[in-house]
Amino acid sequence: ENIRIILVSTSHTGNIGSTARAMKTMGLSSLYLVNPVHEPDGQASALAAGAGDVLANAKIVSTLEEAVSDCGLVVGTSARSRTHSWPMLGPRECGEKLVQEVSNFPVALVFGRENSGLSNEELQQCHFHMCIPANPEYSSLNLAAAVQTLCYEIRMAYLNKEALPTAEEAYPLNEDLERFYTHLESTLEGTSFIRKSHPGVVMTKLRRLFNRARPESQELNILRGILASIDKSVKAPLPEPDNENESPN
């Protein structure tokens with residue numbers, strides 16, 4: 001129940017129902033819907049078949065940030081290459097990593113829109129990206145099929161969890177990371193390293209850097225302390241000039 005399947009801006013309610021069915025066949029029950037075009041209806045219920053309970057308990061939220069704020073691991077699915085590469089997982093690695101870390105905090109697997117997937121901004125809220133290595137000559141998977149594939153990998157990892165190494169690191173939740181990124185951007189603006197009116201791609205690259213490094217909770221606290229120290233120095237008044245260096249009257 002702490003492994004979330006999150007659908008972002010789903011267009012067709014039938015895909016929501018089919019996703020609920022795919023989840024239940026693999027023992028998953030926590031479904032989040034981010035700003036769906038249409039809320040679940042009769043078609044969704046029909047395609048959910050015996051997974052009406054998963055569908056009925058689905059949580060509808062406005063933003064992806066809201067859906068993952070209390071998660072410590074978020075994996076976003078992507079079927080296309082991006083301008084800025086991100087730490088990648090294969091389907092099997094994805095299932096194993098979710099199962100390894102779910103005992104520490106809620107974890108999430110995020111699926112995007114049927115026609116365009118997740119936006120770059122949404123993918124930046126994910127620690128890892130995951131791509132199913134389908135036939136390159138015809139790699140088009142419908143949403144429910146993609147969900148079923150990944151839920152199967154989660155199920156196999158769960159059944160084999162005794163063989164997986166224990167994840168002992170304490171990682172920050174997504175809401176803590178977002179506060180860090182907000183603080184980092186504010187500090188860089190304060191030092192004029194970036195300009196608020198022209199931030200460019202600096203913050204995107206820094207997000208990628210820290211996601212790749214994936215700082216632990218204590219390390220993130222150290223980074224926040226460094227930023228606070230920089231903020232204090234930037235705001236400190238300039239020292240008064242020495243009298244001996246002042247021009248004589």
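In this predicted model, helix 5 (residues 91–101) packs against helix 7 at an angle of about 55 degrees, and the axes of the two helices lie 8 Å apart. Because the angle has this value, helix 5 is oblique to helix 7, and the crossing of the two helices is right-handed. On the side of helix 5, the contact is formed by Pro91, Arg92, Cys94, Gly95, Glu96, Leu98 and Val99, which meet Leu150, Glu153, Ile154, Ala157 and Tyr158 of helix 7. Sorted by class, the residues in this contact comprise 8 nonpolar, 1 polar and 3 charged.

Helix 1 itself spans residues 13–25, and its 13 residues reach 19 Å from the first C-alpha to the last, which is close to the 18 Å expected at 1.5 Å a residue. The buried residues of helix 1 are Thr13, Gly14, Asn15, Ile16, Gly17, Thr19, Ala20, Ala22 and Met23. Just after this helix, glycine 27 adopts a positive phi of about 85 degrees.

When residues up to four places away in sequence are left out, threonine 19 touches Ile5, Leu7, Leu31, Leu143, Ala144 and Val147.

Note on methods:
Residues are numbered from 1 along each chain as its sequence is written. This is a predicted model: local features need pLDDT of at least 70, side-chain atom pairs count only at pLDDT 80 or more; totals for chains, interfaces and linings use all residues. Side-chain values use heavy atoms; hydrogens and water are left out. Helices (H or I, at least four residues) and strands (E, at least two) are DSSP runs, numbered from the N terminus. The expected span of a helix is 1.5 Å times one less than its number of residues. Buried means under 20% relative accessible area, exposed over 50%, partly exposed in between (1.4 Å probe, protein chains only). Axes are lines fitted to C-alpha atoms, for helices over the stretch in contact, and angles run from 0 to 180 degrees between N-to-C directions. Angles under 35 degrees count as roughly parallel, over 145 as roughly antiparallel, 65 to 115 as roughly perpendicular and the rest as oblique. A crossing is left-handed if the near helix is turned anticlockwise from the far one by less than a right angle, and right-handed if clockwise. Contact means heavy atoms within 4.5 Å. Ala, Val, Leu, Ile, Met, Phe, Trp, Tyr, Cys and Pro count as nonpolar, Asp, Glu, Lys and Arg as charged, and the others, Gly among them, as polar.
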